[in-house]
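User: I would like to go through this protein with you. Could you begin with the overall picture and then turn to the details?

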Amino acid sequence: MAELEVGQHCEQQHCRQLDFLPFVCDRCSGIYCLEHRSKDAHDCSEVCLRKPVKSERTSSYKCTYKSCKAKELLPVICSHCEKHFCLGHRHQSDHECEKQEMPKSRLVVPQQVFNETVATNPVPLKKGRKGARNNATAAKVALMKMKLHAVGDRSIPQSERVFFQVFLPKGKKEKSRPMFFCSKWSIGKMVDNAASLLNLRNDNNILASKKLRLCHSESGSALPMNQTLELWIANTDCPLVSGGTIILEYLDNDCVKLESTNSYME
C-alpha cells in the first residue's frame, strides 16, 4: 500500500524538514518550515516576484499660495488671478491677489468705498445726548460685557481682537452671540469663521445658493467680502466699532443690503 505524503519539505539546504503547515516566502516564493520562514533564517536574496499594488489616488488641487501645502478635492479658483487656492486662502485679501486693487490711502479710500456702498440709504447722525458720542460710550460699555462671553479664535492676539454682538440669520433659535475677530481678516474670512463657530450653513462656494453675508447693523448694507475689517474700522462716518453690532443673513446673489434691520434688534 502506497504511503500518503502530507506536507512539504523545507527548501533550506541543511534542513529539509517535512512540515505539515509550510510557509511560502513572499520574496523568493520558496517553501520553508517554521524555523526558517523568516528571510534572514533562509538567507533570502531573491527579488520580489509580486507586482506592487498600485493605490488609486484621488486627484487633488494644491494651494498655490506661498508655502501653503493644503489641497482640495475640488478646484477653488480665484476669479481674478485664475489660480488654485485652498478654502482658507480663497479670498483676494487672504492670498494677496496680484489682481487686487490696493487702496493708496487707508483713510481716504475706505471713506469713498463706504459712501458708494450706503449712498442709497444714508444714515444720518443723531444730535444731542443720543448722538454719536453717546453711541460710542454705549459701545464701550457693551464691549466690556462682550469680552466676558465672546467666542472666537483664541490664537488671535489680544491687540488685534475686535468684538461684536453678532445677530444671527432669521429663523434661528438663538438671536445673537458675542464674538471676536481679527482686525486683519477680510470680511469673507469673518463670515467663514462665524459660520464654523456658530454651526451655520455656509454655501458661499456654491454658485446658485444664497450667500451668507455680513451686513452693517444701521444701513443694512452687505459689506464687500474681499475688504478687510480694519478698513471699515478706519471709516470716519459710520464705522464698525469694537463693542458694536453686525448682522449675519442669507442673501440672494444680486441682493446688496437688507430691507430692514429693525427686526433683528427687537
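User: What does the secondary structure come to?
Analyst: The protein has 5 helices and 10 strands, where helices (H or I, at least four residues) and strands (E, at least two) are DSSP runs numbered from the N terminus. This is a predicted model, in which local features need pLDDT of at least 70, side-chain atom pairs count only at pLDDT 80 or more, and totals for chains, interfaces and linings use all residues. Residues are numbered from 1 along each chain as its sequence is written, and side-chain values use heavy atoms, with hydrogens and water left out.

User: What share of the residues is buried?
Analyst: Of the 266 residues, 39% are buried. Buried means under 20% relative accessible area, exposed over 50%, and partly exposed in between, with a 1.4 Å probe and protein chains only.

User: Which residues of the largest nonpolar core touch the most other members?
Analyst: They are Phe164, Phe181, Met190, Leu214, Ile246 and Leu248, in a core of 32 residues. A nonpolar core is a set of buried Ala, Val, Leu, Ile, Met, Phe, Trp, Tyr and Cys residues joined through side-chain atoms within 4.5 Å. Elements giving two or more residues to this core include helix 2 (132-149), strand 7 (161-167) and helix 3 (187-197). Helix 3 gives the most, with 5 residues.

User: And Met190, what is it in contact with?
Analyst: Leaving aside neighbours within four places in sequence, Met190 is in contact (heavy atoms within 4.5 Å) with Phe164, Phe181, Trp185, Leu214, Leu229 and Ile246. A second, separate core has 8 residues, including Cys78, Phe85, Cys86 and Cys97.

User: Changing topic: in what order do the strands of the open sheet run?
Analyst: The order is 8-7-10-9, with 4 strands and mixed pairing; two strands pair if DSSP finds at least two bridges between them. Strand 8 and strand 9 stand at the edges with a single partner strand each, so one side of each has no neighbour in the sheet.

User: In which sense do strand 7 and strand 10 pair?
Analyst: Strand 7 and strand 10 pair in the parallel sense, over 4 bridges. Phe167 stands opposite Ile247 in strand 10.

User: Last one: where is Thr228, and is it buried or exposed?
Analyst: Thr228 is in the loop between strand 9 and helix 4. Thr228 counts as buried because its relative accessibility is 14%. Apart from neighbours within four places in sequence, Thr228 is in contact with Ser93, Lys184, Trp185, Ser186 and Ile187.
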